[in-house]
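Here are some notes to read alongside the model. Keep the sequence and the 3D view open, and look up each residue as you reach it.

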Amino acid sequence: MLTLKNIRKIYGTQRVLEKVSFSVGEGQKIALVGQNGAGKSTLLRIIAGTESPDRGEILKPNRVLIGYLPQEVHPNGARMRDGRVGSGTETLIGYLRRMTGLEDLEREMAALEPRLDQPDILERYEVLRSDYERLGGYDFTRKAKGVLDGLMLSHIGFDRPVAELSGGEKRKAALAGVLLCGVDIMLLDEPTNNLDLPALLWLERYLNRSAATCIIASHDRRFLDNVVDKVLEIDWHRRDVAMYTGGWSTFAEMKAHLIRKHKEQYRMQEEERERLLVSAGQKMDWVERVRGRKAPDHDKLASHFKKERATKKFTMSAKVMEERQKRLNTVERPLARQPLIVSFAAKPGEKSSTITLRKVRFGYEDGFQGGLASPNPQAGGVGEPVDLKIPFGDRLAILGNNGAGKSTLLKTIAGVLPPLAGKRTCGKKLIFGYLMQEHENISRATTPLQLFKNRLGIYDAVIVAEHLAHFQFSPDILTDKIEWFSPGERVRLILALLSAMGANALVLDEPTNHLDLEAIEALEEALAGYAGTILLVTHDRRFLERIRLTKSYVLDGGKLTPVKNYETYAAHMMPQIRRILKRLEEKKMM
């Protein structure tokens with residue numbers, strides 16, 4: 001189905017991919033993993049054809065269609081199947097038709113129809129018509145509705161301009177476009193970002209039942225366990241790849257075993273090297289002592305003969321040992337990447353450092369956010385008033401579907417967005433640290449050094465560089481514009497800022513989006529020992545399990561309802577998920 005041979009990619013002096021070779025069979029579901037910056041997105045772009053390798057080749061059968069979902073949705077339009085969302089007045093259905101290629105097919109078929117009496121024209125027309133039928137062109141509206149239902153976008157009309165959608169809705173629309181393409185190979189870069197629970201479970205089922213080959217870069221460990229059958233890892237040092245059989249958990253166990261085995265083999269090799277060197281040294285010391293020893297006058301000839309024979313024997317033995325230790329290079333020294341160290345030292349709070357909402361209505365006064373229609377039902381203050389008390393040290397999660405207003409409520413609780421009605425109060429010693437879903441709380445036109453100067457008054461570049469080194473940043477990024485950073489690097493930069501400011505109330509909106517798996521686990525470990533307040537919105541199921549929540553709420557239809565835990569919420573949502581899946585199966589959509 002797909003074979004890559006010796007792919008190389010270099011940006012300037014940075015080697016991103018080197019001798020990348022692997023093959024993917026028909027219908028296989030493969031996870032693409034590796035640390036942030038390892039080259040996952042670059043490799044997907046090369047396979048998609050939106051970027052060219054510096055060396056190597058990609059082999060695939062003719063007429064194989066590839067659909068590509070990039071990690072970030074850009075507002076500009078495109079005539080390739082790469083997941084970019086159109087701008088201007090393009091409607092949702094128009095975007096989906098463009099993404100699938102139906103628009104181009106219809107245009108070309110219409111141009112050929114007046115000349116169907118010509119054999120070559122008729123032959124070309126039949127090929128186009130076959131492609132049109134394969135894409136479900138005659139029944140496309142029904143197909144599109146089924147996929148949009150599954151991704152929880154059924155509330156958006158087909159005639160809604162794409163430019164008016166929220167960031168999460170645009171991301172879902174891009175994913176829907178890829179799924180509707182009828183492609184042979186799907187390249188999905190962080191497809192679970194911005195997906196709520198029903199959409200996430202639907203996507204798992206959809207991909208499991210799809211005949212398409214999938215290469216998926218994702219940080220969602222539960223999702224990978226449920227979908228993929230192989231894991232392709234990009235090595236952070238060599239920049240090549242290795243393929244492993246099984247899901248994420250199997251890969252993680254196997255990788256940990258291989259690392260332990262490698263370290264043990266290297267330890268044994270070095271111990272043997274040291275033993276040989278010590279033994280060889282002891283033998284040569286003996287030779288030197290024997291050579292300096294004087295023989296008795298009456299036995300000089302015999303003694304000299306014995307001494308020469310012994311010294312020769314021990315010298316040869318020492319040389320053999322030295323040669324043996326020189327050949328002990330079969331096991332390379334294990335390379336240890338600078339570990340990601342996430343730490344949050346909360347400044348002391350007080351028991352009175354409580355956040356309280358009394359009869360609060362939240363949302364945007366005119367129903368618009370940044371000039372776009374607000375996606376949540378709280379726009380204009382719609383929804384029930386919220387009464388909420390969050391004592392210092394609580395760990396609170398807000399659950400619910402996309403568009404329910406979770407991010408808006410989170411901003412209101414944290415004081416970023418003033419309430420439309422009611423009263424919000426909080427303790428004076430609370431220091432809020434924000435990680436917003438779209439990273440809008442940092443200017444992308446600034447640099448890391450300027451960010452630390454403006455936010456924390458830290459002007460010493462050495463101090464900033466030393467702090468950022470714990471978050472796997474090199475000193476040369478201090479003067480780079482943040483707009484040049486990858487999404488994962490922006491998240492790590494915000495985490496570094498929160499760590500330095502000593503925030504005792506963390507506001508985390510989808511914190512695991514764009515982070516690699518190592519960074520997510522480091523964040524989980526840091527939050528495990530955090531003493532401050534945590535306000536959280538996330539759809540990462542394993543992250544929710546490990547964060548030790550004290551309270552959970554579901555926001556639905558403008559109403560905030562307490563639930564026991566995430567599992568209770570998931571069980572409540574299952575009937576809705578089953579209904580969607582049943583409808584799709586009846587329509588033979590999967």
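Which residues does Leu-517 touch, not counting residues up to four places away in sequence? Keep that question in mind; point 2 comes back to it.

1. **The chain as a whole.** Please remember throughout that this is a predicted model. The chain has 590 residues, and buried residues make up 50% of them. Its secondary structure comes to 17 helices and 20 strands. Among contacts with a separation of 6 or more, 71% are between residues 24 or more positions apart. The chain exposes about 28,000 Å², and carbon and sulfur atoms supply 51% of that area.

2. **Leu-517, and the opening question.** The residues that Leu-517 touches are Val-33, His-219, Arg-221 and Trp-248, once residues up to four places away in sequence are set aside. You will find Leu-517 in helix H15, which covers residues 517–528. Leu-517 has a relative accessible area of 10%, so this residue is buried. Now look for Ser-218: 299 residues separate Ser-218 from Leu-517 in sequence, yet their C-alpha atoms are 8.6 Å apart in space.

3. Is Tyr-244 buried or exposed? Its relative accessibility is 10%, and because buried means under 20%, Tyr-244 counts as buried. This tyrosine belongs to strand S9, residues 241–245. Leaving out residues up to four places away in sequence, Tyr-244 touches Lys-230, Val-231, Glu-233, Phe-251, Met-254, Lys-255 and Leu-258. For one of these, Glu-233, there is also a distance to check: Glu-233 and Tyr-244 are eleven residues apart in sequence, with 8.0 Å between their C-alpha atoms.

4. **Helix H2 and its surroundings.** Helix H2 spans residues 92–100, and nine of its nine residues are buried. They are Leu-92, Ile-93, Gly-94, Tyr-95, Leu-96, Arg-97, Arg-98, Met-99 and Thr-100. Notice that this list includes Arg-97 and Arg-98. What do the buried residues of H2 pack against? Their partners are helix H3 (102–112), helix H4 (119–134), H5 and helix H6 (167–179).

5. **How H2 meets H5.** Turn the view until you can see both helices. H2 packs with helix H5 (residues 140–150) at an angle of about 105 degrees, and their axes are 11 Å apart. That angle makes H2 roughly perpendicular to H5. On the H2 side, the residues in the contact are Leu-92, Ile-93, Leu-96, Arg-97 and Thr-100; on the H5 side, they are Phe-140, Ala-144 and Leu-148. By type, the contact residues are six nonpolar, one polar and one charged. One general idea is handy when you look at positions like these: an α-helix has 3.6 residues a turn, so residues three or four places apart point the same way.

6. **Helix H11, another covered helix.** Helix H11 (residues 406–414) is mostly covered, with nine of its nine residues buried. Among them are Lys-406, Leu-409, Leu-410, Lys-411 and Ile-413. After H11 comes Gly-415, and the phi of this glycine is positive, near 90 degrees.

7. **Positive phi in residues other than glycine.** Two residues are worth a look here. Glu-190 has phi near 55 degrees, a positive value in a residue other than glycine. Glu-190 sits in the loop between strand S6 (185–189) and helix H7 (197–209), and this residue is buried, with a relative accessible area of 5%. Lys-359 also belongs under this heading, with a positive phi near 50 degrees. Lys-359 is in strand S10, residues 355–361, and at 54% relative accessibility this lysine counts as exposed.

8. **Thr-446, in a loop.** Where is Thr-446 placed? Look in the loop between strand S16 (432–435) and helix H12 (448–456). At 11% relative accessibility, Thr-446 counts as buried. Its side chain makes a polar contact of 2.8 Å with the side chain of Gln-450. Leaving aside neighbours within four places in sequence, Thr-446 is in contact with Leu-451, Asp-480, Lys-481 and Ile-482.

How values were computed. Residues numbered from 1 in each chain as written. Predicted model: local features only at pLDDT ≥ 70, side-chain atom pairs only at ≥ 80, totals over all residues. Heavy atoms only, no water. Axes fitted to C-alpha atoms, helices over the stretch in contact; angles between N-to-C directions. Helix = DSSP H or I, 4+ residues; strand = E, 2+ residues; numbered from the N terminus. Parallel < 35°, antiparallel > 145°, perpendicular 65-115°, else oblique. Contact = heavy atoms within 4.5 Å. Nonpolar A, V, L, I, M, F, W, Y, C, P; charged D, E, K, R; others polar. Buried < 20%, exposed > 50% of the residue type's maximum accessible area, 1.4 Å probe, protein only. Areas by Shrake-Rupley, 256 points an atom, 1.4 Å probe, with all protein chains shown as cover. Polar contact = N/O pair within 3.5 Å; in protein donor to acceptor, adjacent residues only side chain to side chain.
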